[in-house]
Amino acid sequence: MKAVLTHFTALVFLVFLLQNVSAQPYLGMSLLTTVSTPVDIANAGDGSNRLFLVEKAGRIRIYDQNTSTLLPGNFLDISGQVSDDGERGLLGLAFHPNYSSNGYFFVNYTNNAGDTRVSRFTVSSNPNVADAGSELTILPVAQPFSNHNGGDLEFGPDGYLYIPLGDGGDGGDPGNRAQNPQELLGKLLRIDINSTSGGNNYAIPPDNPFVGVQTPIDYRDEIWALGLRNPWRFSFDRQTGDIWIADVGQGAWEEVNFQPANSNGGENYGWRCYEGNHTYNTSGCGPMSNYDFPIFEYPHNPTTGGNSISGGYVYRGNDYPILQGWYIVADYSSDNFWLIRPDGVGGWDSHIITDVPTVNDVVTFGEDEAGEMYVADLGGQVYSITADYDPCPVDSTLTLNPYDMDTVSASNNLTTAGEVTIPSNNEVVFRAGSGITLAENFTTQLGAELSAYIEDCSDNFTSPPNGLLKPVDQNSTFDINSYPNGSAFSLYDGRGILIKEGKLGTNPVGHLSGEPAGVYFISIEKEGETVVSKVVK
């Protein structure tokens, strides 16, 4: 596609007026590898650039990022002692902060009796193979039912091991375990695995919130927070130390809970008294002020929500700056993704993405050592998460001005959601929505430039910001190599910020050398004409 424009000042002027002023990300997926029923992704923090992929049946595989290969064999195979029916299995993995020197890593699995085991293992002399006979049981927890096991493990910035456990299962927490301070189920636990005490293979951090609390009832000292139903993936923000907990709902609401890094613990997230922000079973519950409510929830709805949340991480990598600071979470059944972050004024921004390509049955997320993010589906596919700018996020306003719209009728431009209004000054305001398609006469009435832009909005592709128009002539192909050496060019990043100017060389894409992966726009001037094209690195 090729459009000839006489001068940038004569381009159609594109302005995004987003709810939060800044552009919103759109997610993509790049397939890394395939394993059997992955449920967790972790890194060892040892500088080896490896991803450890936890298989539900009781095995751990290694994906070597240096060679982009799945290594043969298993890092660990304890499948003979793992029950993996239903929600059971080898469910969580965390490496000791000093793994490089001590070789310790920890797993959370369901044993053949159906109970939870948190155990420590040690790597063998081969860094890609663990010693399966080195198991040291850290914490056994009896499970009354087969579901709601939780299963995650994470070391906090304080060096302690955090263990989120579900309420023990069935439906509605019939034993009211999540609110029972003498039960470990339905809690976030915090233990010191570098010490032992009281006959346990761990010690209690002295600043745990309920140490010594016996009134009105004796609390288990391991408890850091309570009131959880089935926390399916929690994580620490590696930059701030904040905790994010995705808790699977009962029948109506899924939720994300947030604990700031400066918390002293002791939060009660409300289950079974509340499901999300809504009452569930308040028999025996205290006043609402006793509970800490989620910062985000979504309903059991296949379009706007889902049925089972899978928690993720706050993106702190370098490859996709637009994702910086966003917490990424998804729903297992609907495959909807959400991006959540503080709005800067005491509240929260959220952004739903309903059409992330290729991934189905999102079951877990992970980070590599550099903070780049990964996601896996239950079918076995493991993806790296990529990002781009969403040109028409829901609830944004797209203004195009100036352009002659005298012949356009606001009533017949769109066939589905969205609207075009035509004020007296001929400024056209397009209100973005989901599932937008164009009426057949839209192209002829508004012109090819506007048509191509709106088509990109509906397909969630990136379009040039800041006045740059994507080539739109359907009858020709834009060939960047058809412009001779010496042609003047300008290179813009995905936000429309000028990053480089110069003369065209033999390999136009070569001008992206040294720039991070992403979407760029290059404009080329030739004989008084200007063309613009999207370039993906």
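Predicted model: local features only at pLDDT ≥ 70, side-chain atom pairs only at ≥ 80, totals over all residues.
**Figure 1. An open sheet of four strands**. The strands follow the order β16-β17-β18-β21, and their pairing is antiparallel. At the edges stand β16, residues 231-236, and β21, residues 296-299. Each of these two has a single partner strand, so one side of each is left without a neighbour in the sheet. On average, neighbouring strands in this sheet are turned by 10° against each other, with direction ignored.

**Figure 2. The pairing of β16 with β17**. Strand β17 covers residues 243-247 and runs antiparallel to β16. Four bridges join the two strands. Within this pairing, Phe 234 has Ile 245 of β17 as its bridge partner.

**Figure 3. The disulfide between Cys 273 and Cys 285**. A search of the whole structure finds one disulfide. A disulfide is a covalent bond between the sulfur atoms of two cysteines. In the pair Cys 273 and Cys 285, the distance from S to S is 1.9 Å. The torsion about the S-S bond is about -95°, so this disulfide is left-handed. Cys 273 lies in the loop between β18 (253-259) and β19 (274-275), while Cys 285 lies in the loop between β20 (278-279) and β21. The pair therefore ties together parts that are twelve residues apart in sequence. Cys 273 counts as buried because its relative accessibility is 1%, under the cut-off of 20%. Cys 285 has a relative accessibility of 23% and counts as partly exposed.

**Figure 4. The salt bridge of Asp 85 and Arg 88**. The count of salt bridges comes to ten, and this view shows one of them, between the side chains of Asp 85 and Arg 88. The distance from N to O is 3.5 Å. Asp 85 is partly exposed, with a relative accessibility of 41%. Arg 88 is buried, with a relative accessible area of 17%.

**Figure 5. The salt bridge of Asp 158 and Arg 190**. The side chains of Asp 158 and Arg 190 meet with an N to O distance of 2.9 Å. Asp 158 is in the loop between β12 (154-155) and β13 (161-164), and Arg 190 is in strand β14, residues 187-191. The two residues are 32 residues apart, and the pair links distant parts of the chain. Asp 158 counts as partly exposed at 36% relative accessibility, whereas Arg 190 is buried at 3%.

**Figure 6. A network of salt bridges formed by Asp 158, Arg 190 and Asp 207**. Arg 190 forms a salt bridge with Asp 207 as well as with Asp 158. In the pair with Asp 207, the closest N and O atoms are 2.9 Å apart. Asp 207 lies in the loop between β14 and β15 (223-226) and Arg 190 in strand β14, so this pair ties together parts that are 17 residues apart in sequence. At 46% relative accessibility, Asp 207 counts as partly exposed.

How values were computed
Residues numbered from 1 in each chain as written. Heavy atoms only, no water. Pairing = 2+ DSSP bridges. Axes fitted to C-alpha atoms, helices over the stretch in contact; angles between N-to-C directions. Disulfide = S-S within 2.5 Å. Buried < 20%, exposed > 50% of the residue type's maximum accessible area, 1.4 Å probe, protein only. Salt bridge = Lys/Arg side-chain N within 4 Å of Asp/Glu carboxyl O.
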